[in-house]
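Reader: Please show me the model, and then let me ask what stands behind some of the terms used for it.

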Amino acid sequence: MFAARTDLNDRQREAASFGDQPLRVIAGPGTGKTTTLTARVEYLLDSGIDPERILLLTFTRRSAREILNRVHAIRANAHVHRVSGGTFHSVAHHTLRRHHTVVGLSDCFGVLDQSDAADLLDLVRSDLGIVSNERRLPKKNTLAALYSRTVNTGEALSDIMAEHTPWCADRRDQVGHIFSAFVARKRALGLLDFDDLLLYWRAAVEDETVGKKLGAVFDHVLVDEFQDVNKLQLDILMGLRRCDSRLTMVGDDAQAIYGFRGASPRFLLDAQDYFAGLVTITLNVNYRSSGAILKVANALGADAPEGFCATLREDKPVLGASAPRLVHCADERHQSEVVADRVLELYEEGVALQNQAVLFRASHHSADLEIELSRRRIPFIKYGGLRYLEAAHVKDLLAAFRLADNPRDEMAWFRLLQLMPGVGPARARRAIDALRDGDKSLPLSFEDIQGRWPEALDHVPLDTRDGSTRLIDALTPRAHESPMTHAQRICDAIAPFIVASYEDAVARLEDLGALVLACGDTTRLSDVAAEQVLEAPTSTGDFAGPPMVDEDWLVLSTVHSAKGLEFDAVHLIHAADGNFPSDMALGSPEGLEEERRLFYVAVTRARRHLDVYVPLRYHHHRVRDEHSWAQPSRFLSDAVRQTLEEQLHTSPRIEAAKLTALAPIAGPALVEGRLSKLW
DNA sequence: TAATGGGGGTTTTTT
DNA sequence: ACCCCCATTA
């Protein structure tokens, strides 16, 4: 039973067994946040709450699973798997699928990921006759970011643009036109983007009657990583809890790193304004890191202008810890060598590769290290950055899945038609136009599509007509066919195009096969496509299996993706100003403070070993020797440096290069002079 | 008129 | 991987 748990401290226990008022737990890194949430779920189950009536909102599906697995490990007989949980977006998706009628959606809506949304914005822009190559008009990805920030914060577009894209603020009206056309187009095509999932969920919970019903489904709502909640998500929570005060929020203002998604730690700090009767419990005893590492973290916190809520306290000394170091390297190449050396050194000392992580600010910062690791045959897995899901062939098949349910999805048509050789944007567009009915909208069923297909065929080159017709046949659903069989037919129809256009077709076809298998237990293909997009594999290894056969591998991760994780050893690379903090974030004081928190997150992932690396020199082009000198990150203030042991590494390569600058010796004379004594 | 392939330059972070 | 630009091909 719950009372028997002895691994909780008093504060954790108090939080876990707290009553029915709104509860805010401020939990610094390593203070047992997950343990406490787990214990709270366990406590609620013990007190007789039906697992299905607990909603656990976490930042990633992975952390939801981790918490539920832990509960499950403790009480194997419980129906823990029935606890409702996931990310805001995935719970929104489930809610909308189930209750599509009440929010006025069709049940076959497709879900666009970020880059699909950007593509649609670009399409809408060109339809409006707004030319993209004019200077000062934001590019599609910037447009997508602007749109997202605007709807997630609920602030006026002009304010958002003035703050984040002042260089094009005078284009506000055009951007506004693009956005309203974008909204209309999504609706006409039966598509929702990530933001729409939340917007529709909010619309539902904000409705007096519907909201009451949706909220009444849950007795308890628990929210992890509350510091990364934005206004839209806060509105949803307030709607869900309009008649019920049982809400638990766990977070840490010091780890708020998702401002670019409209999140603000203010919602955690000001939670009492949104939830009446709020009680706060603060956890600050750290069970993760060595005292020396905590000193680094606290020094970083002390530099923050407004400070952090929790100053971390050591529980008891961590065994086998080394002094945190600041390592100066010659350049990026040298940094990779030094990191690889250090990783192997720790490995020799018994720290498995899996317990070591290399962290960095931006995904491409690991490029050189990846080369070095491959050269030395050190296996690694990379989190963050590019995902397999973003690979073209996967997106192709997912587009086909969406299309099979919803023939109005022009985005999907546009993408699939261009898969055929000889079909580019212009022909794809004409073929789509040929499919339209008189009123310019696409048919709702594949029967009608089949009827119009001969006309569309005129726009496809002769030698791809067979293949494209086979694809249309595959997309057309058959009576009494399981989604998986249908998916397999679609996959088979696409395979020839994949084989024709990619060198490494075998590996890509394997990816597609995995996607087909993922259709096992669903009723709709568009549902599978959405699930895949919402629960993307988080690393380059998740999708196709680990990169090598070895059972141990080093973790490479962006700091964002490392959130919530911990490692015996952390190697933080590129701690140079401009990289970390990123110079993209220096425009505003808030941006800089977010970078500081990000640095803090990186440092606090480490249990026993922390090494921060600063390359002194950056090469800009491969040509010649153009380079600039880097300043160490501004977060490495004097106070922070006093908590670190500084180490200056000289590189044999750099030392060797210096030789060429020396005055030459008289080589031939010396050699011949010495030899001449022999004869 | 379109599609395609090559080359060069860039890339913040994620649901 | 993306974007942008340019030359070549169908």
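Reader: What makes Asp113 and Lys395 a salt bridge?
Author: A salt bridge needs a side-chain nitrogen of Lys or Arg within 4 Å of a carboxyl oxygen of Asp or Glu. The closest N and O atoms of Asp113 and Lys395 are 3.2 Å apart, so the pair meets the definition. The two partners belong to distant parts of the chain, 282 residues apart: Asp113 is in the loop between strand S4 (110-112) and helix H5 (114-127), and Lys395 is in helix H16 (residues 392-405). Helices (H or I, at least four residues) and strands (E, at least two) are DSSP runs, numbered from the N terminus. This is a predicted model, in which local features need pLDDT of at least 70 and side-chain atom pairs count only at pLDDT 80 or more, while totals for chains, interfaces and linings use all residues. Residues are numbered from 1 along each chain as its sequence is written, chains are lettered from A and ligands numbered from 1 in the order in which they are written, and side-chain values use heavy atoms, without hydrogens and water.

Reader: Why does Asp113 count as buried?
Author: Buried means under 20% relative accessible area, exposed over 50%, and partly exposed in between (1.4 Å probe, protein chains only). Asp113 has 9% relative accessibility, so Asp113 counts as buried. Lys395, at 10%, is buried as well.

Reader: Why is Glu345 called partly exposed?
Author: Because its relative accessibility is 39%, Glu345 falls in the partly exposed class. Its salt-bridge partner Arg342 (3.4 Å, N to O) is buried at 8%. Both residues lie in helix H14 (residues 332-348), three residues apart, about one turn of the helix.

Reader: What do Glu370 and Lys382 tie together?
Author: Their side chains meet in a salt bridge at 3.1 Å, N to O. Glu370 lies in helix H15 (residues 367-375) and Lys382 in strand S13 (residues 380-383), so the pair ties together parts 12 residues apart in sequence. Lys382 is buried, with a relative accessible area of 11%.
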